[in-house]
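Subject: Structure for you to look at

Hi,

Here is the structure I promised. Please open it and keep it beside you as you read my notes.

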Amino acid sequence: MINQIIVTFVLGILIIPAIVIDGEFSDTHDAKIDLLLKKLNKPAVKSIKSPYGGIIDCVHMKSHPIYDHPLFKNYTIQMKPSGDPDKWNNDTSNIVTQLWTINGKCPQNTIPIRRTTREDILRAESIESYGKKYPNNIPRRKPANSTNEIHEYATLRVNGIFRGAEAVINVWKPYVQMPREFSLAQMWLVAGPPSNLNTIEFGWQVYPGRYGDDNARFFIYWTADGYRSGCYNIDCPGFVPVNQAYVLGEPIGHDPRTGNWWLKLNHHVFIGYWPSILFNHLRNGATEITWGGEITNYRVNLQHTMTNMGSGGFASEGYERASYFRKLKIYDECNTWKPIHDHVPEYFTTQESCYNIRYAYETDWGDYFFYGGPGRNLYCT
């Protein structure tokens, strides 16, 4: 009987504080999520349900997320580049927009923003890491004896002084083995030293741990300090969307008058821009441009992931079977679009047996490359 009392009493001491602490933690955690949701989800003039299950909020330009940034409290949003080297316009009549637009369109003077949900935030490793990448997210050669690299690449890079970049990218829906892994194809525009790296990034990705499904989604990213800050899409103030269709597209261009970096679709649709004031290196141009694929490999059970890059086919499989980037161009410091082969492109793969790349040039496709792979296979373990 004494033993039974002692045991009951000890369990009581251990259990009661656990319940109280858990309750306090839960309340604090929920409060932090609520605060972040309130910050991210602006008042909507109109809300539209997406066929994929999400909600698109039409937010008035007066409530634009950029105004949350301390540098942009009295900022005047630029609706199109001050210089149009290719006479860009904002005509969307020939563009296939995202499927949410079949259920409605946003009114004038509003922008569509995907509503962030509690589930979106809970899928992140922490509230603080929501919408962020890990440091060292730039393709770089590692020493030959490097092991357990989480990020793997198949990319092509040019170095110089650039004010823009362009490519035609085909979109696939690669298999991703586990929710916290992703597969993407993107462009990186880079300037500055590693400790203070400036990047702007655009592409498509399959990332179940972020979006809650295996759909391929267009995305953007930026950082001004080597990935210590910055974020995906508009999960923090920085990128300035201005297009009511909000369809993210391929090319990125630099406005020589303002220094802003513009994202455009199919040569003539402005999606939005990164203001030059965000950056201390990129405001003068990029020194490196990279195109290609990336996956994350968490080596479950010490085996290489089966996550596909691109289509899941190796570069040698070619057209209709392998992923590609074609018509690669750079916008040089003389404000002229040029093919990239004059800059001696460098290609890089983390593990050729898992994912690879093949670069070439031809008249119709210009500079191009096939890339990708299946991940784990007989030679990739």
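Arg217 counts as buried, because its relative accessible area is 18% (buried means under 20%, exposed over 50%, and partly exposed in between, with a 1.4 Å probe and protein chains only). Its side chain meets that of Asp213 in a salt bridge, 2.5 Å from N to O. A salt bridge here is a side-chain nitrogen of Lys or Arg within 4 Å of a carboxyl oxygen of Asp or Glu.

Two notes on the source. This is a predicted model, in which local features need pLDDT of at least 70 and side-chain atom pairs count only at pLDDT 80 or more, while totals for chains, interfaces and linings use all residues. Residues are numbered from 1 along each chain as its sequence is written, and side-chain values use heavy atoms, leaving out hydrogens and water.

Back to the charges. Side chains of opposite charge can pair when their charged atoms come close. The whole structure has 15 salt bridges. One of them joins Arg118 and Asp30, with the closest N and O atoms 3.9 Å apart. This pair links distant parts of the chain: Arg118 is in helix 2, Asp30 is in helix 1 (residues 2-40), and they are 88 residues apart. Helices (H or I, at least four residues) and strands (E, at least two) are DSSP runs, numbered from the N terminus. Arg118 is partly exposed at 29%, and Asp30 is partly exposed at 31%.

Lys173 and Asp214 form another salt bridge, 3.7 Å from N to O. They are 41 residues apart: Lys173 sits in the loop between strand 4 (151-169) and strand 5 (183-191), Asp214 in the loop between helix 3 and strand 7 (217-223). Lys173 is exposed, at 51%. Asp214 is partly exposed, at 43%.

Now look at two loop residues. Leu99 lies between strand 2 (55-60) and strand 3 (110-114). Leu99 is partly exposed, with a relative accessible area of 42%.

Val300 is in the loop between strand 13 (286-296) and strand 14 (323-332). Val300 is partly exposed too, at 32%.

Best wishes
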